[in-house]
Amino acid sequence: MRYGVPAGLAALALGLTAALTLTPSAHAGRPRPAPAAAAAPAPFAHPGVLSSRAQLDFVRTKVQAGQQPWKGAFDAMLASKYGSLSRTPKPRAVVECGSYSNPNLGCSDEREDAIAAYSDALAWYITRDAKYAKKSVELMDAWSAKIKDHTNSNAPLQSGWAGSTWPRAAEIIKHTYTGGWPNQGRFAAMLRDVYLPEVINGKPNSNGNWELIMMDAAVGISVHLDDRASYDKAMAVYLGRVPAYFYLASDGPQPKYPPRSSIDTKSELVDYWHGQSTFVDGLAQETCRDFGHTGMGIAATMHVAETSRIQGRDLYPEFKDRFRHALGFHAAYELGAPVPSWLCGGSLTKGIGPATEVGYNALHTRLGIEMDNTRKLTEGRRPAGSENHFEAWETLTHAENPN
C-alpha cells in the first residue's frame with residue numbers, strides 16, 4: 001500500500017482511463033431515493049452531540065494527568081482567542097453573509113462566538129471551574145437574545161457552520177453544569193426557530209460540503225431539542241449525500257447522483273465533480289475544487305457519524321471503506337504525493353485543515369484499521385486547532401479516544 005491507495009495505482013489508472021471515464025451508457029437516468037434513516041433514539045443520549053459523557057470523561061482524565069497530546073491541546077485551546085474569559089460577544093439581529101462571506105456582516109463574529117462558547121464549555125467540563133461555564137452561558141445568551149435571521153447567498157452555509165457548533169456547547173452546559181442557565185429555553189428556541197429551518201432541507205444542487213455541514217447542524221440541533229422528526233429527516237439527507245460525495249469503485253463506473261438534485265446526466269455529473277471524469281477510491285466531489293472545502297465535507301461527515309454513534313446507530317462499520325479511502329486518498333496528497341496527470345489536470349489546491357482527527361480515531365482506534373497516511377498527517381499536525389468555521393479542538397476531544 002502506497003499513498004493510501006493500492007501500489008501502482010497511478011500507472012494502472014492511466015492505463016484504465018477509458019474504462020473509468022464516463023461512457024454514454026453509464027448510469028443513465030435518475031438515481032433511486034436515498035435509504036431511509038433508522039428511527040431516532042428514544043430517549044436521546046445527553047450530552048450527545050459530537051462527544052459523549054464517556055468521551056469527555058476520558059479527555060478530562062488525560063488532561064488532569066498531564067498526558068499528551070491532550071494536555072497540549074487543552075493548553076492551546078485556553079491560550080487561543082476562543083478560550084479568553086475577557087471575550088465580548090458581538091451578536092446581531094440579522095447576520096448577512098454573501099458568497100465567500102462578502103459581505104461579512106456578523107458572519108465571523110457569529111461563528112467565532114459559537115466556537116468560543118464551545119471552548120468554554122469544554123474548559124468547564126475538564127476543570128470544573130464555573131467561570132468557564134458562566135462565560136459559555138454569557139455567549140449563548142447574548143446571541144439568543146438578539147439574532148432573528150440569516151440573509152444573503154451564504155445564509156444556509158453560515159447557519160450550518162454556527163448551528164453545528166452551538167449545540168455542542170449547549171449540550172455540555174445544559175447536561176453537566178448545575179449552576180443554572182435561566183435562558184436555556186430561549187437558546188433552544190433560537191436553535192429551533194432561527195437555525196433549524198435554514199438547514200433542515202439541505203441544499204441538493206450545491207457543492208456537497210454545504211449539505212453535509214447543514215446536516216451536521218440539523219442533527220446536532222435535533223439532539224439538543226429532543227426532536228425526533230427533525231433528526232430522522234436530517235439523517236435521511238445525510239445517508240443519501242455521503243455516497244454521492246465520496247466515491248468507491250463498487251459504486252460503478254461513475255459516482256452516484258446527488259439525491260434530490262437536478263443533476264441527472266453524465267455531463268452534469270462531470271461538471272459537478274469539477275471536471276474530473278476518472279474516478280478512484282476515495283475521490284471526493286470537491287477534490288478538484290480544493291482541499292479546504294473537501295476537508296470541511298470530511299469533517300462534517302465524521303461529526304454526524306460520531307453523533308449518530310452516540311445516539312445508538314454506529315455508521316462507521318457501514319461506511320468504513322468509503323471513509324478510510326477518502327481520508328487516506330486526501331492525506332497522501334496533502335503530505336506531498338505527486339499528483340498524476342489524470343487527477344484534476346495534474347494540479348491540486350491543498351490545505352485540508354484539521355479535518356482528520358475524528359475519522360482517524362473512529363476507524364483506527366476503535367475499529368483497528370491501519371491508515372498510515374492518515375496517521376502521519378493527523379499526528380504530524382497535533383494539536384488540531386480550529387479553522388474558524390466549525391472545526392475546533394478535535395485532538396483534545398477525539399485523539400485516541402476509545403469511548
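## Contacts of Leu396

Once its neighbours within four places in sequence are set aside, Leu396 is in contact with Val59, Val63, Trp70, Ala73, Phe74, Met77, Leu122 and Ile126. These contacts, like everything described below, are taken from a predicted model rather than from an experiment.

## The largest nonpolar core

Leu396 also belongs to the largest nonpolar core, which has 121 residues, and together with Trp166 and Tyr238 it is one of the members that touch the most others. Among the elements that supply this core, helix α5 gives the largest share, with 12 residues. In soluble globular proteins, nonpolar side chains tend to be buried together.

## Salt bridges between separate parts of the chain

Side chains of opposite charge can pair when their charged atoms come close. The structure holds 21 salt bridges, and a few of them are described here in turn. One of them joins Glu112 to Lys81, with 3.2 Å between the closest N and O atoms. Glu112 sits in helix α5 (residues 107–127), while Lys81 sits in the loop between α4 (70–79) and β3 (94–97), so this pair ties together parts that are 31 residues apart in sequence. Glu112 counts as buried because its relative accessibility, 15%, is under the 20% limit, whereas Lys81, with a relative accessible area of 44%, is partly exposed.

A salt bridge also connects the side chains of Arg241 and Glu211, with a distance of 3.0 Å from N to O. Arg241 belongs to helix α10 (residues 228–245) and Glu211 to helix α9 (residues 208–225), so the two side chains tie together parts that are 30 residues apart in sequence. In this pair, both Arg241 and Glu211 are buried.

Asp321 and Arg324 form a salt bridge in which the closest N and O atoms are 3.0 Å apart. Both residues lie in helix α13 (residues 316–334), where they are three residues apart, which corresponds to about one turn of the helix. Asp321 is partly exposed, at 34% relative accessibility, and Arg324 is likewise partly exposed, with a relative accessible area of 29%.

Key
Residues numbered from 1 in each chain as written. Predicted model: local features only at pLDDT ≥ 70, side-chain atom pairs only at ≥ 80, totals over all residues. Heavy atoms only, no water. Salt bridge = Lys/Arg side-chain N within 4 Å of Asp/Glu carboxyl O. Helix = DSSP H or I, 4+ residues; strand = E, 2+ residues; numbered from the N terminus. Buried < 20%, exposed > 50% of the residue type's maximum accessible area, 1.4 Å probe, protein only. Core = buried A, V, L, I, M, F, W, Y, C linked by side-chain atoms within 4.5 Å. Contact = heavy atoms within 4.5 Å.
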